[in-house]
Protein chains: 2
Amino acid sequence: MGVLEKVRTRSRAAAPAAPAELPLDQILMGDCIAAMRSLPAKSVDCIFADPPYNLQLGGDLNRPDGSHVDAVTDHWDKFDSLAVYDRFTREWLAEARRILKDDGTIWVIGSYHNIFKVGSAIQDLGFWILNDIIWRKANPMPNFKGTRFTNAHETLIWASSGEKAKYTFNYRSMKTLNDELQMRSDWEFPICGGQERLKKDGHKVHPTQKPEALLYRILLASTKPGDVVLDPFFGTGTTGAVAKRLGRHWIGIERELDYVDAAMERIAAALPLDESQLKTMQAPKAAPRVAFGQLVENGYLMPGAVLTDAKRKHVAVVGADGSLRCGDNAGSIHKLGAALQGAPSCNGWTYWHHEVDGKLKPIDTLRQTYLLATQP
Amino acid sequence: MGVLEKVRTRSRAAAPAAPAELPLDQILMGDCIAAMRSLPAKSVDCIFADPPYNLQLGGDLNRPDGSHVDAVTDHWDKFDSLAVYDRFTREWLAEARRILKDDGTIWVIGSYHNIFKVGSAIQDLGFWILNDIIWRKANPMPNFKGTRFTNAHETLIWASSGEKAKYTFNYRSMKTLNDELQMRSDWEFPICGGQERLKKDGHKVHPTQKPEALLYRILLASTKPGDVVLDPFFGTGTTGAVAKRLGRHWIGIERELDYVDAAMERIAAALPLDESQLKTMQAPKAAPRVAFGQLVENGYLMPGAVLTDAKRKHVAVVGADGSLRCGDNAGSIHKLGAALQGAPSCNGWTYWHHEVDGKLKPIDTLRQTYLLATQP
DNA sequence: TGGATCTTTGAATCATTCC
DNA sequence: AGGAATGATTCAAAGATCC
């Protein structure tokens with residue numbers, strides 16, 4: 001096992017403190033599994049992993065014009081057999097599971113060469129798959145030989161620590177990001193190129209550098225500001241750069257010195273966003289619950305007041321105890337709404353309306369008024 | 001093992017003859033593995049398999065409007081554990097490998113519930129994966145509870161009988177079908193509905209009927225006229241209907257009588273196409289939709305950037321998730337624009353502007369720039 | 001008949017808090 | 001721990017209905 005070196009970057013994270021024993025905002029240099037063993041159990045909120053794909057490339061590949069394709073031929077992508085790759089996968093995933101908090105999630109990206117082994121191991125280890133996500137490449141490399149379909153996507157697996165585990169999913173942020181439509185499981189991004197692509201002496205520093213846009217969406221979807229994100233295959237530090245921008249802590253593991261150097265320089269140059277820019281569209285959770293009866297007690301609605309649904313199909317009368325009655329039917333605003341619609345459940349706050357100046361308004365607005373008046 | 005019944009349909013295939021011992025253009029009724037054992041080794045050119053997904057659904061699911069989701073609760077999708085499912089998968093795949101010709105290929109479709117187990121077994125059994133293909137659903141079911149990303153795709157694995165094996169790939173047909181661009185690994189189709197969806201007494205006959213367009217592309221890509229296509233999970237016979245249309249022989253295996261009945265009727269009604277009719281039928285692509293958040297993710301606008309309307313009446317700041325904030329008001333570019341104007345709706349793309357060289361330009365120009373940069 | 005509007009539905013591992 | 005109460009939540013396509 002290699003010696004671990006902690007490499008501190010100059011980043012002064014704008015994020016709140018986290019458990020002191022974690023090497024926050026640092027790169028651990030060395031073997032991925034050994035380095036993970038040095039981290040405490042249940043200590044990180046999110047793991048993003050871009051493991052070797054085990055590409056098993058044959059000979060060289062040339063384009064139709066004769067030029068040479070700069071493929072992934074690095075030694076770290078070589079495994080003696082599928083079985084060896086499988087064992088390696090299960091080992092690092094087992095460590096990942098130990099380090100992940102109960103309410104944390106893991107992301108792994110791969111291609112058809114390795115993703116089925118990865119996904120199978122994830123399930124066997126007790127992770128619970130939440131989604132598989134397709135990264136559709138806007139500009140993939142064509143299949144020069146015309147022997148197969150253009151390999152135009154990669155697959156990500158997103159999993160929680162177990163079937164019943166809680167996890168962070170910033171639903172509102174994702175919906176906002178996608179123009180008020182639910183974010184789907186297929187994402188389109190260009191491959192990493194242009195200014196973003198790290199180069200040295202005209203050659204790309206890392207053969208499979210991931211686009212920052214991809215990590216941006218991943219971290220925005222599944223972490224909160226101040227969370228700790230671990231990347232056990234850090235490469236040139238895309239995860240660290242985006243985590244820093246988004247006010248998340250990061251920990252990277254990488255054994256190639258060239259990559260570590262490039263990553264440190266890159267992350268040092270990354271600029272964190274202000275607090276105000278980080279404000280996302282999270283549902284305001286903290287608002288205390290208000291019982292409908294409180295509105296009656298406090299005179300926002302009088303007993304005997306008449307409520308109706310938006311289409312004035314049903315009419316109900318408010319009781320002194322905050323119940324609603326409609327003919328022989330009576331119950332809470334939710335129960336009665338559900339019963340009248342024959343639905344299994346109903347949000348009474350948005351279903352029931354009262355008339356103000358001839359217009360119907362949902363009683364939820366009364367709740368907001370009450371909250372504004374009573375909150376400090 | 002159940003008794004096998006051969007069910008001969010009235011189809012008189014327009015295709016050339018094939019080995020006599022094969023039950024061509026017939027449905028074998030019975031257990032999939034037992035039926036496969038009755039077929040000779042290395043006898044079929046292509047296998048398409050749509051095995052049970054092992055969905056493991058929890059309780060009922062209702063839509064926000066209270067209506068009930070008609071989920072897959074059929075007995076054939078129930079397995080005692082992941083290990084049992086894994087064993088079942090390896091058993092039928094091993095039989096499939098025995099039956100497949102050396103130069104044949106296999107297709108398997110699945111979702112994240114099962115596809116990793118399938119893919120892992122495919123590799124372990126010595127098949128050689130050629131591509132994984134994404135079926136992007138044009139109209140997937142939303143995630144009603146807002147707990148995950150909309151599950152908007154399914155995955156297909158395409159594999160040959162081994163690493164060095166020859167196989168059929170009709171490259172030209174695929175390129176023609178795709179407007180003279182190489183066919184990519186992500187395919188978009190609507191889910192099966194409308195006239196195509198088989199119904200009985202107003203209810204769908206099969207819960208997971210696949211669209212014929214999907215099988216059309218699969219068979220056109222990977223088989224030749226007269227080839228024999230085996231479908232060990234035949235269901236209501238999509239594979240048979242499309243194979244007949246395309247002049248391929250088919251063999252189906254199915255154990256549910258209701259499905260067999262529906263399949264026979266359907267295939268009998270299917271009309272083989274003339275050669276001339278085999279020409280493409282792809283609709284031209286509409287310009288892809290761009291979400292405002294994509295511009296932020298891809299650095300066309302930074303979080304913190306300032307936008308304003310054409311008259312500089314309102315000023316708003318871009319958030320990290322593509323939201324806009326103006327004082328206490330926040331939301332998508334459309335929502336915030338509407339709110340500030342007191343209008344019911346607003347096209348944020350033309351309403352909001354950013355300053356370039358002292359001049360205001362609508363953010364729609366950024367969208368155009370992004371489209372130009374990312375579209376082929 | 002045609003356009004506008006309403007209704008239905010699809011392989012789904014789909015909640016959280018309080019008592 | 002388990003049951004009950006509360007409350008948050010949907011997109012596109014096809015078909016039906018209405019005017």
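How many salt bridges does a search of the whole structure find over all chains? I got 43. I counted a salt bridge where a side-chain nitrogen of Lys or Arg lies within 4 Å of a carboxyl oxygen of Asp or Glu.

**Ground rules**

I am working with a predicted model, in which local features need pLDDT of at least 70, side-chain atom pairs count only at pLDDT 80 or more, and totals for chains, interfaces and linings use all residues. Residues are numbered from 1 along each chain as its sequence is written, chains are lettered from A and ligands numbered from 1 in the order in which they are written, and side-chain values use heavy atoms, with hydrogens and water left out.

**Entry 1: where chain B meets chain A**

I looked up the contact between the chains, taking contact as heavy atoms within 4.5 Å. Chain B brings 77 residues and chain A brings 70 residues. The area buried between them is about 6,300 Å². Carbon and sulfur atoms give 51% of that area. Buried area here is the accessible area (1.4 Å probe) that two parts lose on being put together, summed over both.

Which three residues supply more than any other three of the area that chain B buries against chain A? I found B:Phe116, B:Phe149 and B:Glu297, with 15%.

Six salt bridges run between chain B and chain A. B:Glu297 forms a salt bridge with A:Arg217, with the closest N and O atoms 2.6 Å apart.

On the side of chain B that touches chain A, strand β5 (residues 128–137) of chain B gives the largest share, nine residues. Helices (H or I, at least four residues) and strands (E, at least two) are DSSP runs, numbered from the N terminus.

**Entry 2: helix α5 of chain A**

Is helix α5 of chain A buried or exposed? I found 11 of the 11 residues of this helix (residues 212–222) buried, so the helix is largely enclosed by the rest of the structure. Buried means under 20% relative accessible area, exposed over 50%, and partly exposed in between (1.4 Å probe, protein chains only). A:Glu212 and A:Arg217 are among the buried residues.

A:Glu212 has a salt-bridge partner, A:Arg266, with the closest N and O atoms 3.0 Å apart. A:Arg266 lies in helix α7 (residues 257–269) of chain A, so the pair ties together parts that are 54 residues apart in sequence. Both residues of the pair are buried.

**Entry 3: helix α6 of chain B**

I turned to helix α6 (residues 238–245) of chain B. Eight of its eight residues are buried, so this helix too is largely enclosed by the rest of the structure. B:Lys244 and B:Arg245 are among the buried residues. Which elements of chain B do the buried residues of α6(B) pack against? I listed β3 (44–49), α5 (212–222), β10 (228–231), β11 (249–254) and α7 (257–269). Just after the helix, B:Gly247 takes a positive phi of about 70°.

**Entry 4: two salt bridges within chain B**

B:Lys101 and B:Asp45 meet through their side chains in a salt bridge (2.9 Å, N to O). B:Lys101 is in strand β4 (residues 100–110) and B:Asp45 in strand β3 of chain B, 56 residues apart. I noted B:Lys101 as partly exposed, at 25% relative accessibility. B:Asp45 counts as buried, at 11%.

B:Lys117 pairs with B:Asp86 in a salt bridge, the closest N and O atoms being 3.9 Å apart. B:Lys117 sits in helix α3 (residues 115–124) and B:Asp86 in helix α2 (residues 82–99) of chain B, 31 residues apart. Both are buried. Salt bridges that share partners join A:Asp86, A:Arg90, A:Lys117, A:Asp124, B:Asp86, B:Arg90, B:Lys117 and B:Asp124 into one network.

**Entry 5: B:Ser160**

I found B:Ser160 in strand β6 (residues 153–160) of chain B. B:Ser160 is buried, with a relative accessible area of 1%. A polar atom of its side chain lies 3.0 Å from the backbone oxygen of B:Gly162. Not counting residues up to four places away in sequence, B:Ser160 touches several others, including B:Phe127, B:Trp128 and B:Tyr167.

Technical notes: Polar contact = N/O pair within 3.5 Å; in protein donor to acceptor, adjacent residues only side chain to side chain.
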